[in-house]
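Subject: Structure handover, with notes on helix packing, cores and salt bridges

Hello,

Here is the structure to look through. My notes follow below.

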Amino acid sequence: WDPEGLLSAPQGGHISRRQIYHARQEDEKLDAELKERAEKERLELEAAREARVLPAEGEFMELMDFLTNLEEGELEYEMVRCRPLITAQFLDFLKKEVTTQKLSATDDIQSQIAGELEAMYEVLSASAERVDVDVATLAAPAERLRALLSSPDKKAHILTMMENNEIDQPLIDLLNQNVHAARAAGQDDAAAFMEKVGDALNKYLIK
């Protein structure tokens, strides 16, 4: 009882702040658990990839089984590693195998296998072309960047590149990737140097 109002009113804000503090702790704990789980899954995926042994060149049946038995989502990754093995001869072999499986299918399971092989053939055919295009697209900027960074006179080299219309967005993107990689590796001086090179390149970037 406080008829003269001598006692201060209860401050509900203390409870709210405490609740916010605990909620923030729970969020941080959840974030840490999610990061830990994601890192564990990443390491497990890398270990599984390193454990996979590629078939030898010309082992078409083994390569077909290798690609067929991949877990979902891993075909795209192995497409790059297996690209030298996915030759026109292998695709011809796979296409014939699809035809054989279709003709010999006597039940739904065999028909499903034939359908999966056919789908893989289509993916491999399209992906092989795309990988070749990607490799070709990345090769040219990589060579230009390598020549620039190893040049003793980078200003003169950049001017020559500008005259030859060799400064484009793929080159800038590749340089930025190198900057991020250097930062992540703790190579701050290298990253700062490449950033200066990037600033010089951006002056002459082909829009």
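Helices here are DSSP runs (H or I, at least four residues), as strands are (E, at least two), numbered from the N terminus. The model is predicted, so local features need pLDDT of at least 70 and side-chain atom pairs count only at pLDDT 80 or more, while totals for chains, interfaces and linings use all residues. Residues are numbered from 1 along each chain as its sequence is written, and side-chain values use heavy atoms, with hydrogens and water left out.

Salt bridges

The whole structure contains eleven salt bridges (a side-chain nitrogen of Lys or Arg within 4 Å of a carboxyl oxygen of Asp or Glu). One of them joins Glu39 to Arg42, with 2.5 Å between the closest N and O atoms. Both residues belong to helix H1 (residues 13–51) and sit three residues apart, about one turn of the helix. Glu39 is partly exposed at 36% relative accessible area, and Arg42 is partly exposed at 36% (buried means under 20%, exposed over 50%, partly exposed in between, with a 1.4 Å probe and protein chains only).

Arg183 takes part in two of the pairs I looked at. Its side chain meets that of Asp188 at 3.6 Å, N to O, and that of Glu195 at 2.9 Å, N to O. Arg183 is in helix H7 (residues 169–184) and Glu195 in helix H8 (residues 188–202), so this pair ties together parts twelve residues apart in sequence. Relative accessibility is 36% for Arg183, which is partly exposed; Asp188 is partly exposed at 43%, and Glu195 is partly exposed at 34%.

A network of salt bridges links Arg49, Arg52, Glu74, Glu78 and Arg81.

Packing around H2

How do H2 and H3 pack? Helix H2 (residues 60–68) and helix H3 (residues 75–82) have axes 10 Å apart at an angle of about 150° (axes are lines fitted to C-alpha atoms, for helices over the stretch in contact, and angles run from 0 to 180 degrees between N-to-C directions). H2 is therefore roughly antiparallel to H3 (under 35 degrees counts as roughly parallel, over 145 as roughly antiparallel, 65 to 115 as roughly perpendicular and the rest as oblique). On the H2 side the contact (heavy atoms within 4.5 Å) uses Leu63, Phe66 and Leu67, and on the H3 side Leu75, Glu78, Arg81 and Cys82. Five of these residues are nonpolar, none polar and two charged (Ala, Val, Leu, Ile, Met, Phe, Trp, Tyr, Cys and Pro count as nonpolar, Asp, Glu, Lys and Arg as charged, and the others, Gly among them, as polar).

The axes of H2 and H4 come within 10 Å and cross at roughly 75°, which means that H2 is roughly perpendicular to H4. Phe60, Met61, Leu63, Met64 and Leu67 of H2 meet Gln89, Phe90, Phe93, Leu94 and Glu97 of H4. That contact has eight nonpolar residues, one polar and one charged.

Nonpolar cores

The largest nonpolar core has 17 residues, and Leu63, Leu67, Ile86, Phe90, Leu94, Met120 and Leu124 have the most contacts inside it (a core is a set of buried Ala, Val, Leu, Ile, Met, Phe, Trp, Tyr and Cys residues joined through side-chain atoms within 4.5 Å). H2, H3, helix H4 (88–104) and helix H5 (108–149) each supply at least two of its residues. Leaving aside residues up to four places away in sequence, Leu94 touches Met64, Leu117, Met120, Tyr121 and Leu124. A second, separate core has 16 residues, including Leu171, Leu175, Met194 and Leu205.

Regards
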